[in-house]
Amino acid sequence: MLRIILAIVMLSPLGALGQSAPPDPMSLRTRDAHQNLTIVADPYLKAERYTKEVFGKDSPYAAGIIAIDVYFRNDNNVPVRLNPETIQLVISQPDQERQRIGLLSPEEVADRTLLTANANVRVRRPFPFPGSSSTTGHSKNWTEMTTALRSVALGTDVLPPHATTHGFLFFDMNHEFGAIRNSHLYIPDLAFMTDNKALFFFEIDLGDAPLR
């Protein structure tokens, strides 16, 4: 019995070493900070991160859509207003024309994941995307996926003082996830809510994003 107990004690540290804890998002290098506001971006670059528990049973990654978990730490004494509609993913591939990609809503992500398997980032799509504003005629899977995505997407345009807010942003990369190494997350429209004074734009270089 003593030998068994000693063996368990000796093997326990080895097992613990095999389980690496995920890094603190606020420690990532993919960040920009000024005027007492820090914004950190954590792009999900591997299919394994798109778990059923977070995104539902249908993965946006399979449709060429990237999810970026964005953290906003507001160290000011006043709230900051954010305009999510102006956020863009700017891709600057070598020897290619720069591309600016707008955000996808949860409804658009569900459309492109479940209804359009051949999404293409370079093709100009009609706006609004067909079916993005109504659930009429959509399947149970579509409704379930939209509900799951809404629960994790960035759902506010107000950043409270002395607080950290986070949520996912979605962009259609047409399966070219490696292009994230030549991309910036551009967040141009923020202002202090007390006097409407604008903050300088934020531009987060995603080239140093961990491959995970």
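**Core.** I started with the largest nonpolar core, which has 48 residues. I take a nonpolar core as a set of buried Ala, Val, Leu, Ile, Met, Phe, Trp, Tyr and Cys residues joined through side-chain atoms within 4.5 Å. Buried means under 20% relative accessible area, exposed over 50%, partly exposed in between (1.4 Å probe, protein chains only). Ile-66, Leu-89, Phe-170, Phe-171, Leu-185, Ile-187 and Leu-190 have the most contacts inside this core. Strand β3 (residues 65-74) gives the largest share, six residues. Helices (H or I, at least four residues) and strands (E, at least two) are DSSP runs, numbered from the N terminus.

I then listed the partners of Leu-185, leaving out residues up to four places away in sequence. Among them are Ala-41, Val-70, Leu-89, Phe-171, Glu-203 and Leu-206. Contact here means heavy atoms within 4.5 Å.

**Ground rules.** This is a predicted model: local features need pLDDT of at least 70, side-chain atom pairs count only at pLDDT 80 or more, and totals for chains, interfaces and linings use all residues. Residues are numbered from 1 along each chain as its sequence is written, and side-chain values use heavy atoms, with hydrogens and water left out.

**Confidence.** pLDDT is the predictor's confidence in each residue, from 0 to 100. The protein has a mean pLDDT of 84, and 79% of its residues reach 70 or more. Where pLDDT is low, the predicted coordinates should not be read in detail.

**Asn-76.** Is Asn-76 buried or exposed? Asn-76 is buried, because its relative accessible area is 10%. I found Asn-76 in the loop between β3 and β4 (80-82). A polar atom of its side chain lies 3.0 Å from the backbone oxygen of Gln-35. For the backbone oxygen of Asn-36, the distance to a polar atom of the Asn-76 side chain is 3.3 Å. Beyond four places in sequence, Asn-76 also has contacts that include Pro-161, His-162 and Phe-192.

**Aromatics.** I count 10 aromatic pairs. Rings of Phe, Tyr and Trp (its six-membered ring) pair if their centres lie within 6.5 Å; planes under 30 degrees apart count as stacked, over 60 as edge-to-face and the rest as tilted. Tyr-50 and Tyr-61 are a tilted pair, because their planes stand at 45 degrees, with centres 5.2 Å apart. Both Tyr-50 and Tyr-61 are buried. How do Phe-55 and Phe-170 pair, and at what angle are their planes? The pair is edge-to-face, with planes at 80 degrees and centres 6.4 Å apart. Phe-55 lies in helix α2 and Phe-170 in strand β8 (residues 163-172), so this pair ties together parts 115 residues apart in sequence. Phe-55 is buried at 0% relative accessibility, and Phe-170 is buried at 1%. One aromatic cluster includes Tyr-44, Tyr-50, Phe-55, Tyr-61 and Phe-170.

**Glu-203.** I ended in strand β11 (residues 202-205), which holds Glu-203. Glu-203 counts as partly exposed at 36% relative accessibility. Beyond four places in sequence, Glu-203 is in contact with Asp-32, His-184 and Leu-185.

Technical notes: A polar contact is a pair of N or O atoms within 3.5 Å; within protein, one must be able to donate a hydrogen and the other to accept it, and residues adjacent in sequence count only if both atoms are side-chain atoms.
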